[in-house]
Amino acid sequence: MYFCKIINLRTMRILIINGPNLNLLGTREPSIYGDNSFENYLATTLRPHFEGRCELDYAQSNVEGEIINTLHSAIGRYDGVVINAGAYTHTSIAIADAIKAIALPVVEVHISNVCKREEFRHTSFLTPVCVGAIMGFGMDSYRLGVESLLK
Ligand code: DQA
């Protein structure tokens, strides 16, 4: 009984994963992705917003296999994942398989509204294996992604 209470009170742990080229947020195509770096957004907006509600860890990689390893390493350590896989969204069956394999709730996010952009961005291999997808709200897509996991 006491043990269950402790588990219930534990702060949720959420891992945010950014894929290729998202390390350049702030300078990369600012008309599409804005002029804020992800590190700055995380420190000044996202972490303060969720203070006391969840712990947010962050990983970024430009390498498909590293993203897959990061997803695997989330097993048993996190309660959910928010992923912006960048262009791998539109190409990677391997990342989709990893999301299925880890059996954790994963939310797909995009800064831009990919459905309003080039045709090749309209396909996502990740949406069918994620609990949901959020796109088009700029950096706020990440906050909405975390919020959806907390609910
Ligand atoms: C993106 C959209 C992708 O099509 C693109 O390749 C990205 C960023 C977004 O957040 O809007 O790298 O995932």
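The protein chain exposes about 8,000 Å², of which carbon and sulfur atoms supply 55%; accessible areas were computed by the Shrake-Rupley method with a 1.4 Å probe, and for residues only the protein chains shown count as cover. The model is predicted: local features require pLDDT of at least 70 and side-chain atom pairs count only at pLDDT 80 or more, whereas totals for chains, interfaces and linings use all residues. Residues are numbered from 1 along each chain as its sequence is written, and side-chain values use heavy atoms, with hydrogens and water left out.

Of the 151 residues in the protein chain, 42% are buried (under 20% relative accessible area, 1.4 Å probe, protein chains only). The radius of gyration, taken over C-alpha atoms, is 15 Å, which agrees with the value near 15 Å for a compact globule of 151 residues (2.2 Å times the number of residues to the power 0.38). The C-alpha trace spans about 55 × 35 × 25 Å along its principal axes.

The chain contains 6 helices and 5 strands, in the order α-β-α-α-β-α-β-α-β-β-α from the N terminus; these are DSSP runs (helices H or I, at least four residues; strands E, at least two).

The ligand is surrounded by R28, Y33, N84, G86, A87, H90, H110, I111, S112, V114, R117 and R121 (a heavy atom within 4 Å). Oxygen atoms of the ligand lie 2.8 Å from a side-chain N or O atom of H110, 2.8 Å from one of R121 and 3.2 Å from a backbone N or O atom of A87. Taken alone, the ligand exposes 320 Å², 99% of which the protein buries.

Terms used: Polar contact = N/O pair within 3.5 Å; in protein donor to acceptor, adjacent residues only side chain to side chain. Buried < 20%, exposed > 50% of the residue type's maximum accessible area, 1.4 Å probe, protein only.
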